[in-house]
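Biologist: Can you walk me through this model? Keep it brisk, please.

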Amino acid sequence: MFKKAMVRVPGENFAYGLTTADLGKPNYQLALAQHSRYCDILKSCGLQLIVLPPDPRFPDSTFVEDTAVLTDCIAVITRPGAASRLGEEESIYAELLHHYDKSCIHRIQAPGTVDGGDICEADGHFFIGLSARTNLEGGRQLAAILQQAGYSSEFVDVTNIPGILHLKSGMAYLGDDVLVLMDAMADIDIFRSYQIIRVDEREQYAANCIRVNDFVVIADGFAAFEESLCRAGFRPLRCPMSEFQKMDGGLSCLSLRF
């Protein structure tokens with residue numbers, strides 16, 4: 001059960017962030033409206049929001065998930081894998097000092113890189129994605145920190161999976177041993193012990209969803225995936241995400257939930 005979520009309002013230079021998508025330039029006013037809707041949904045799921053102001057130094061900084069990995073007992077400040085995002089994590093660290101004891105906050109050190117979007121927790125077990133943004137050294141540092149805190153982990157290499165920026169671009173954990181997996185990841189051996197809800201290639205973006213207490217927040221416009229969740233007994237809530245999709249962002253990217 002999550003109690004809080006940290007979010008950051010997109011800055012006016014949001015459209016100048018990094019993207020591999022070929023979906024056009026995002027509309028800033030629409031992005032603000034969609035972010036506001038996202039915040040309302042989190043609050044409706046019972047979360048207290050910590051809303052950070054825009055940080056014009058970093059166009060990608062609304063994607064706060066990449067700056068930290070949070071658990072019940074420790075926080076890990078990451079070291080983002082894109083050079084233009086290095087430094088985003090410092091204001092997140094300052095805010096987390098209000099929520100975690102300083103001794104419980106750890107850091108990824110150079111030459112390691114980790115983006116939080118590559119980290120998926122499944123009831124105390126962490127899947128650590130190795131990608132263009134998270135390297136092996138960063139993954140090893142994170143695994144060691146997690147092990148010291150009593151958590152287990154294993155690596156998932158997604159560097160050769162088309163259309164994947166981060167591990168959680170193609171997966172989500174919904175609790176009760178249920179994984180959402182895009183088709184290209186559904187047959188990976190380490191996931192075989194889980195119940196799998198597959199996401200068809202045509203709805204691949206929908207795989208990045210988030211379980212928030214009693215609900216599963218999903219991107220709007222993916223009817224087949226929504227139906228699959230309902231059949232599995234979940235309660236989906238739709239959120240418009242078109243402007244964030246244009247910037248390689250998903251639902252999990254927009255908040256740090258703890």
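Predicted model: local features only at pLDDT ≥ 70, side-chain atom pairs only at ≥ 80, totals over all residues.

Biologist: How many aromatic pairs does a search of the whole structure find?
Modeller: The search finds nine. Rings of Phe, Tyr and Trp (its six-membered ring) pair if their centres lie within 6.5 Å; planes under 30 degrees apart are stacked, over 60 edge-to-face, and the rest tilted.

Biologist: Why is the pair of F127 and F191 called edge-to-face?
Modeller: Their planes stand at 80°, so the pair is edge-to-face. The ring centres are 5.1 Å apart.

Biologist: Which parts does that pair tie together?
Modeller: F127 lies in strand 7 (residues 125-130). F191 is in the loop between strand 10 (178-182) and strand 11 (195-199). These parts are 64 residues apart in sequence. Strands (E, at least two residues) and helices (H or I, at least four) are DSSP runs, numbered from the N terminus.

Biologist: Is F127 buried or exposed?
Modeller: F127 is buried, at 0% relative accessible area. F191 is buried too, with 0%. Buried means under 20% relative accessible area, exposed over 50%, and partly exposed in between (1.4 Å probe, protein chains only).

Biologist: What about Y205 and F222?
Modeller: They form a tilted pair, 6.1 Å centre to centre with 40° between the planes. Y205 is in the loop between strand 11 and strand 12 (210-212). F222 is in the loop between strand 13 (215-219) and helix 4 (223-231). The two residues are 17 apart in the chain, and both are buried.

Biologist: Which residues do ring pairs link into a cluster?
Modeller: F127, Y173, F191 and Y194.

Biologist: On to helix 4. Which residues are buried there?
Modeller: F225, E226, S228 and L229 are buried. They cover an arc of only 160° around the axis, so they are on the same side of helix 4. The arc is that of the directions from the helix axis to the C-beta atoms.

Biologist: What is on the other side of helix 4?
Modeller: A223 and R231 are there, and they are exposed.

Biologist: What do the buried residues of helix 4 pack against?
Modeller: They pack against strand 10, strand 11, strand 13 and strand 14 (236-239). Contact means heavy atoms within 4.5 Å.

Biologist: Last one. Where is K246 found?
Modeller: K246 is in the loop between helix 5 (242-245) and strand 15 (256-257). K246 is buried, with a relative accessible area of 16%.

Biologist: What does K246 touch?
Modeller: Leaving out residues up to four places away in sequence, K246 touches T19, A21, L23, G24, K25 and P26.

Terms used:
Residues numbered from 1 in each chain as written. Heavy atoms only, no water.
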